[in-house]
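I opened this model to look up its fold, its surface patches and its salt bridges. My entries follow in the order I made them.

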Amino acid sequence: MATQLNASRPSGPTLVKGARAARTTVALKLAMAVSGFVFVSFVLAHMYGNLKAFAGHDAFNEYAHHLRELGEPLLPHEGALWILRLGLILSLVVHVVTGIALWRRAARARTTKYVKKRDTGASKASLMMRWGGLTILVFLVWHLLNFTIGKVNPQGGATDDPYNLLVDTFDVWWMTLIYLVAMVALGLHLHHGVWSAAQSLGWTGTAAKRRRAKNIGFITAVVIAGGYSLVPLAVLAGIITK
């Protein structure tokens with residue numbers, strides 16, 4: 001009788017392993033949500049700086065110069081800027097690593113393929129998150145080489161003047177096109193990312209909360225992607241000039 005009771009009990013290690021995996025998945029989702037929030041905060045602040053271009057050459061360059069002196073004399077020249085950059089790089093690593101880990105966990109959990117693949121909104125959004133994230137990552141590398149680290153002027157002009165470098169860059173139509181494509185990818189990523197983060201943090205428990213999370217995601221995507229697109233479009237249209 002005792003043998004039968006023991007045989008009918010679920011094995012302890014299996015439950016512990018499953019619970020541990022669930023906790024790990026939750027931790028990964030939280031890390032991805034927090035790192036994503038860091039990026040949203042940064043891109044909003046950076047967008048404000050970009051829009052200074054509408055105020056003219058001196059206002060934009062004064063803003064760029066102020067960033068390099070931020071924290072002085074407590075910090076060395078560009079010290080605060082490098083702290084921000086390192087924090088963003090760390091957040092980027094966390095975001096990418098957790099994203100890959102969650103994708104691999106989902107792939108392992110689906111041991112058999114569906115007989116009929118349903119084309120759902122969720123599957124499209126998840127697919128766009130992966131490809132959009134890759135697009136944004138490649139664009140970030142180019143963006144840093146263009147404006148920060150390498151300072152590449154596509155027209156062969158000077159690179160020591162931030163405002164003129166910006167105008168020279170977006171005065172080239174294909175550079176503006178690359179930038180706008182990246183902004184579309186960013187907008188789609190933010191739209192689904194805000195919703196996914198709210199879900200991971202337990203903020204979508206009711207229908208009203210789900211609608212609110214979707215609306216916040218949509219507004220965030222439009223404001224950020226639209227705000228970043230204004231400057232290159234204005235340069236290409238001749239509104240922002242040297």
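Which pattern does the chain follow, read along the sequence? I read α-α-α-α-α-α-α-α. I note at the start that this is a predicted model.

**Entry 1: the chain as a whole.** I find eight helices and zero strands. The chain has 242 residues, and 29% of them are buried. I then looked at contacts between residues at least 6 apart in sequence: 67% of these join residues at least 24 apart. The chain exposes about 15,800 Å², and carbon and sulfur atoms supply 68% of that area.

**Entry 2: nonpolar patch.** Which residues form a nonpolar patch on the surface? I list Val96, Ile100, Trp131, Leu134, Leu137 and Val138, which together have about 540 Å² of accessible area. Helix 4 (79–109) and helix 5 (121–147) are the elements that give two or more residues to this patch. Helix 5 provides the largest share, four residues. I checked one member, Val138, which lies in helix 5. Its relative accessible area is 55%, and exposed means over 50%, so Val138 counts as exposed.

**Entry 3: positive patch.** I also find a positive surface patch, formed by Lys209, Arg210, Arg211, Arg212 and Lys214. I looked up Lys214, which is found in helix 8 (residues 207–236). Is Lys214 buried, exposed or partly exposed? Lys214 has 48% relative accessibility and counts as partly exposed, because that class runs between the 20% and 50% cut-offs.

**Entry 4: salt bridges.** How many salt bridges does the count come to? I get two.

In one of them, the side chains of Arg68 and Glu78 meet at 3.4 Å, N to O. Arg68 lies in helix 3 (residues 57–69) and Glu78 in the loop between helix 3 and helix 4, so this pair ties together parts that are 10 residues apart in sequence. Glu78 is partly exposed, with a relative accessible area of 22%.

The side chains of Asp168 and Lys242 also meet in a salt bridge, at 2.8 Å, N to O. Asp168 is in helix 6 (residues 162–170) and Lys242 is in the segment after helix 8, so the pair ties together parts that are 74 residues apart in sequence. Which of these two residues is buried or exposed? I have Asp168 as buried, at 7% relative accessibility, and Lys242 as exposed, with a relative accessible area of 62%.

Terms used:
Residues numbered from 1 in each chain as written. Predicted model: local features only at pLDDT ≥ 70, side-chain atom pairs only at ≥ 80, totals over all residues. Heavy atoms only, no water. Patch = residues over 30% accessible without salt bridge, like charges linked within 9 Å, V, L, I, M, F, W, Y side chains within 5 Å. Areas by Shrake-Rupley, 256 points an atom, 1.4 Å probe, with all protein chains shown as cover. Salt bridge = Lys/Arg side-chain N within 4 Å of Asp/Glu carboxyl O. Lys, Arg positive; Asp, Glu negative; His and termini not counted. Charge placed at Lys NZ, Arg CZ, Asp CG, Glu CD. Buried < 20%, exposed > 50% of the residue type's maximum accessible area, 1.4 Å probe, protein only. Contact = heavy atoms within 4.5 Å.
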